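Reader: Please take one part of this fold and go through it closely. I would like to see how a single residue there connects to the elements around it, in one connected account.

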Amino acid sequence: MIVVSDTSPLSALLTVDKLTLLRELFGEILIPSAVYRELLQHHPEVSGISFLRHQSVVDQMAVSALLDILDPGEAEAIVLAVEQHADLLLIDESLGRTSAKKHDVPIIG
């Protein structure tokens with residue numbers, strides 16, 4: 001199963017020391033570079049978490065198109081989910097969820 005995540009769900013779980021729940025549920029979680037950078041600002045321990053794999057987005061034009069309404073982490077997470085044909089995108093912000101649905105990305109959050 002391919003699961004991509006935005007910053008907020010990961011940050012919330014890191015805050016309550018429950019991030020391992022995602023590993024138990026899904027195994028590996030893909031995060032785009034923008035999400036990785038955002039997480040590092042408030043949770044430097046993320047650099048040592050092996051089941052979070054950060055990956056660069058290829059289609060930067062698609063990301064740019066989404067930046068009009070979304071932050072970089074959300075935009076990159078949606079595009080990465082499309083590129084990887086993800087089974088799920090973990091995202092909780094309303095605009096991000098709406099944008100993901102428009103791109104036929106299955107969401108949970």
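Author: Ser5 belongs to strand β1, where a strand is a DSSP run of E with at least two residues and a helix a run of H or I with at least four, both numbered from the N terminus. The model is predicted, so that local features need pLDDT of at least 70 and side-chain atom pairs count only at pLDDT 80 or more, while totals for chains, interfaces and linings use all residues. Residues are numbered from 1 along each chain as its sequence is written, and side-chain values use heavy atoms, with hydrogens and water left out.

With a relative accessible area of 0%, Ser5 is buried; that word stands for under 20% relative accessible area, exposed for over 50%, and partly exposed for values in between, with a 1.4 Å probe and protein chains only. Apart from neighbours within four places in sequence, Ser5 is in contact with Leu10, Ile29, Leu30, Ile31, Pro32, Val35, Ala77, Leu89 and Leu90, contact being heavy atoms within 4.5 Å. That list leads to the surrounding elements, taken here in turn.

Ile29, Leu30, Ile31 and Pro32 come from β2, and all are buried. Ile29 and Ile31 point one way from the strand, Leu30 and Pro32 the other way. β2 runs parallel to β3 in a pairing of four bridges, two strands being paired if DSSP finds at least two bridges between them. One of these links joins Ile31 to His54 in β3.

Leu10 is one of the buried residues of α1, together with Thr7, Pro9, Leu13 and Leu14. An α-helix has 3.6 residues a turn, so residues three or four places apart point the same way. The buried residues of α1 pack against β1 (3–5), α2 (20–26), β2 (29–32), α3 (33–42), β3 (52–55) and β4 (88–90). Leu14, in the helix spanning residues 7–15, counts as buried at 12% relative accessibility. Beyond four places in sequence, Leu14 touches Leu19, Leu39, His43, Glu45 and Ile49. Its C-alpha atom is 20 Å from that of Gln55, which lies 41 residues away along the chain.

After α1 comes Asp17, with a positive phi near 55°. Most residues other than glycine have a negative phi, and most peptide bonds are trans. Asp17 sits in the loop between α1 and α2 and is exposed, with a relative accessible area of 67%. His85 is another residue other than glycine with a positive phi near 55°; its place is the loop between α5 (72–83) and β4. His85 counts as exposed at 65% relative accessibility.

Val35 is buried in α3, as are Ser33, Ala34, Tyr36 and Leu39. Two packed helices are described by the angle between their axes and the distance between the axes. For α1 and α3 the angle is about 30° and the axes are 10 Å apart; axes are lines fitted to C-alpha atoms, for helices over the stretch in contact, with angles from 0 to 180 degrees between N-to-C directions. The two helices are therefore roughly parallel to each other, a term for angles under 35 degrees. The crossing of α1 past α3 is right-handed, meaning that the near helix is turned clockwise from the far one by less than a right angle, left-handed being anticlockwise. Thr7, Leu10, Ser11 and Leu14 of α1 make this contact with Val35, Glu38 and Leu39 of α3. By class it has four nonpolar, two polar and one charged residues, with Ala, Val, Leu, Ile, Met, Phe, Trp, Tyr, Cys and Pro as nonpolar, Asp, Glu, Lys and Arg as charged, and the others, Gly among them, as polar.

On α5, α3 crosses at roughly 140°, and the axes come within 7 Å. This crossing is left-handed. Ser33, Ala34, Val35, Arg37 and Glu38 of α3 meet Pro72, Gly73 and Glu76 of α5, giving three nonpolar, two polar and three charged residues. Asp71 lies in the loop between α4 (60–66) and α5 and counts as partly exposed at 32% relative accessibility. The C-alpha atoms of Asp71 and Val35 are separated by 10.0 Å, with the two residues 36 apart along the chain.

Methods:
Parallel < 35°, antiparallel > 145°, perpendicular 65-115°, else oblique.
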